[in-house]
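Let's look at how the words used for a protein get attached to it.

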Amino acid sequence: MLTLVLLGLISVVSVVMLRSSALELRMSGNLLQREEALQHALGVAAMISSSAEPFVAMQQAGHDLCSLTHSCAERLSHRLDALLDGAGPEAQRLQTNFEIHRHGPLLSGASLPRMQEAHASGVGAASFIRFEVRVRVGDARGDTPRAQVVQGVLLRWLGDPA
């Protein structure tokens with residue numbers, strides 16, 4: 001009888017430990033997927049920020065918003081597809097959306113970022129235009145985003161910034 005009780009107690013403890021291990025495994029898998037999505041979102045934000053094409057296209061067309069479906073992002077969407085094609089199958093299952101918002105020139109009296117002396121000039125703050133790049137990465141199923149990155153871009157516009 002004592003053996004059956006001990007065997008039952010060991011079985012209950014084993015089941016509890018297995019459930020705990022399964023939960024920890026699921027938690028670590030979610031953390032890994034979230035970190036993977038965050039790294040992908042950071043890469044896409046860096047890719048967008050390093051390209052002047054969408055910002056110039058938005059400025060020339062007078063648009064305040066550019067996203068994956070707009071004409072200003074045509075080349076970016078091709079670069080994004082190439083980035084995903086070069087990535088592994090894990091990244092290909094991610095759904096990536098981005099938006100670029102134009103906030104207009106800096107207000108007078110705004111402090112400019114620190115620049116190296118070679119790039120500094122006497123031109124006022126009105127020649128700098130603020131953009132915001134927002135990247136959302138989720139599963140292909142369209143569930144809630146796994147990661148979101150918002151990055152500011154400040155460009156010096158050589159023409160009329162209005």
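Q: What share of the contacts between residues at least 6 apart in sequence join residues at least 24 apart?
A: It's 72% of them, where contact means heavy atoms within 4.5 Å.

Q: Where does all this come from?
A: This is a predicted model, so local features need pLDDT of at least 70, side-chain atom pairs count only at pLDDT 80 or more, and totals for chains, interfaces and linings use all residues. Residues are numbered from 1 along each chain as its sequence is written, and side-chain values use heavy atoms, with hydrogens and water left out.

Q: What makes up the pattern along the sequence?
A: Reading along, you get α-α-β-α-α-β-β-β, with four helices and four strands in the protein. Helices (H or I, at least four residues) and strands (E, at least two) are DSSP runs, numbered from the N terminus.

Q: Why is Thr 96 called buried?
A: Buried means under 20% relative accessible area, exposed means over 50%, and partly exposed is in between (1.4 Å probe, protein chains only). Thr 96 has 7%, so it counts as buried. You'll find Thr 96 in strand β2 (residues 94–105).

Q: Why is Val 13 called partly exposed?
A: Its relative accessibility is 41%, so Val 13 gets that label. Val 13 sits in helix α1 (residues 2–49).

Q: What is meant by the largest nonpolar core, and which residues touch the most other members?
A: A nonpolar core is a set of buried Ala, Val, Leu, Ile, Met, Phe, Trp, Tyr and Cys residues joined through side-chain atoms within 4.5 Å. The largest one here has 24 residues, and Ile 48, Phe 98, Ile 100 and Val 135 touch the most other members. Its largest share, six residues, comes from α1. In soluble globular proteins, nonpolar side chains tend to be buried together.

Q: Which residues does Phe 98 touch, leaving aside neighbours within four places in sequence?
A: Among them are Ile 48, Leu 68, Leu 80 and Val 135.

Q: How much of the protein is buried?
A: Buried residues make up 27% of the 162 residues.
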